[in-house]
Structures are given as structure tokens and as C-alpha cells.
Amino acid sequence: MRAQDSTSERTIAESRLRSLTGSERAPFSAGVPESFEAFRAAAPALDPGRPGLRVLLALGAAAVLVAGFLLWRAQPVPEPLPDPAPLSSAAPATTPTTKVTVHVAGKVREPGVYPLPTGSRVQDAITAAGGIRRGAPLGTLNLARRLVDGEQIMVGAPAAEPGSAAAPEAAVIDLNAATLDQLEQLPGVGEVLASRIVDFRTSHGGFTSVDQLREVSGIGTRRFEEIKPKVRI
């Protein structure tokens, strides 16, 4: 009996509430929490509307573009590879000496020591020394001869008189200081052999004994015996 009374009272209360609110959803709303109902009531105020929506879309698109640009800038930039070094199949050749140093003395305007390019002639050395003094004789000087490093060129030296014999001491020449012209005065020594003697002297840092002449190509035992009395160290 009490259950029936309770049910009828609930029905009467719901009917009164429905008549007051005019809503058919009252039974459902009765079981909804108050916080959710407050959110539903505030939802219309959160609607940005069409203008606000356009602004939000524009901001979103701008954010995407900025993020894409930053990602593109963060990518590593490939560096070009250096050109490969050329392969050399053979060892580089030794660079020859490019200069010879000679002493020009005698009757020239500016005597002294002059460095000249390899292959220069006696005439080039005289020109470097200012040329021959006026009236000075050349004598037997060979202007077309190639220069040898370390030699002395004496310009205007008087030539020996015909028939005059040189003193024995003057006939002996120093192997480490003799010029090509002086070496060519030795018995059996021509321009080629004199050049070989000078090349041997240069490559070995000078002669240490007269017997080293035997090591020069072209000087045999007989020729060495002819040259030996006329040279010294």
C-alpha cells in the first residue's frame, strides 16, 4: 500500500514539474550533473561565430606555414665535394738550378759577382757588369761560351806574347777554381771533357785530390798522366 502511495506521489510530482517547465526532457535532465548543465548553458557564449572562425582558420594556416618553413630551414645543406687530386704515376723530376753565379772582373764598368739564368753566355755576364770599358781589348775571351757556376771571367787580360813561355807555377791550375777556358788548355781536354770535369766538381762539392780525375768519364790512364803535372788542389 505504501509503495502504491509512493509511486502515485512521484507521478504527481513529475506532472507538476513538466507543467512548470513545459519541457519533455525533464526526466532526463533530472539525472544530469549540474556541471554539465552549466556547460550546456554556457555553450552558446563560446561559439565564435563566422568572423571568429575565419580568424581561427587564418591563424591555423599561418602556424602551419611557419612550422613548415622552420622545418625546411632545419634541413642540412649538402656541401660540394672537393675536386679529386690528380694522380701522379711518376715521381716529380728534380728541378734543376735556375741560376749560375759568376765573378766578372777586369776592365768592366761594374766588376762584381752576378747571378744569371742557367744557359747564359759570357756576353750576358759582361752586360750585367755594365759592359766593357771604352778601349779595353777583349783578347781571346770567347763571348759565346756558356757560363759555369762559380767561375771568374777576366775581361781585358793581356794575351800572352807569341813564343813566350809561361812560368812552371803559372801553368799549374787549381781544379776547384779553374774555368772552362782554363781546363781546355790542359792536354787532351776539349770543351766536352772540360764540361764533364766541371760537372763532377759541382756534383761532388769540389775535388779533394787530383786522383779523382780518374773518375771523370773520358779520362783514361794515359790522359790522366798527361794532365796530372798541370793541375793541383
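The following dialogue explains how to read several features of a predicted model.

Me: How many helices and strands does the chain have, and which pattern do they follow?

Reply: The chain contains 9 helices and 5 strands. Along the sequence, these elements follow the pattern α-α-α-α-β-β-α-β-α-β-α-α-α-β. Of the 233 residues, 21% count as buried.

Me: Is I153 buried or exposed?

Reply: A residue counts as buried when its relative accessible area is under 20%. I153 has a relative accessible area of 1%, so this residue is buried. I153 belongs to strand β3, residues 152-155. The C-alpha atoms of I153 and T179 are 8.2 Å apart in space, while the two residues are 26 apart in sequence.

Me: How should I read a salt bridge, and how many are counted here?

Reply: Side chains of opposite charge can pair when their charged atoms come close. In this structure the count comes to 3 salt bridges. E151 pairs with R145, with the closest N and O atoms 2.9 Å apart. R145 also forms a salt bridge with D181, at 3.2 Å from N to O. This second pair links distant parts of the chain: R145 lies in the loop between α5 (122-128) and β3, and D181 lies in helix α7, 36 residues apart.

Me: How is a pocket found, and what lines the second largest pocket?

Reply: Rolling a probe the size of a water molecule over the atoms shows where empty space is left. The second largest pocket holds about 520 Å³ of space. Its lining has 22 residues, and those closest to its centre are R146, L147, V148, L180 and D199. Helix α8 gives the largest share of the lining, 6 residues. The lining divides into 6 nonpolar, 7 polar and 9 charged residues.

Me: Where on the surface is a nonpolar patch found?

Reply: L53, V55, L56, L57 and L59 form such a patch, with about 500 Å² of accessible area together. One of these residues, L56, is in helix α4, residues 49-74.

Conventions:
Residues numbered from 1 in each chain as written. Predicted model: local features only at pLDDT ≥ 70, side-chain atom pairs only at ≥ 80, totals over all residues. Heavy atoms only, no water. Patch = residues over 30% accessible without salt bridge, like charges linked within 9 Å, V, L, I, M, F, W, Y side chains within 5 Å. Areas by Shrake-Rupley, 256 points an atom, 1.4 Å probe, with all protein chains shown as cover. Salt bridge = Lys/Arg side-chain N within 4 Å of Asp/Glu carboxyl O. Helix = DSSP H or I, 4+ residues; strand = E, 2+ residues; numbered from the N terminus. 1 Å grid on protein atoms, 1.4 Å probe; cavity = no way out; pocket = protein on both sides within 12 Å on 5 of 7 lines; lining within 4 Å. Points joined across faces, edges and corners; volume = space filled by probe spheres on them. Nonpolar A, V, L, I, M, F, W, Y, C, P; charged D, E, K, R; others polar. Buried < 20%, exposed > 50% of the residue type's maximum accessible area, 1.4 Å probe, protein only.
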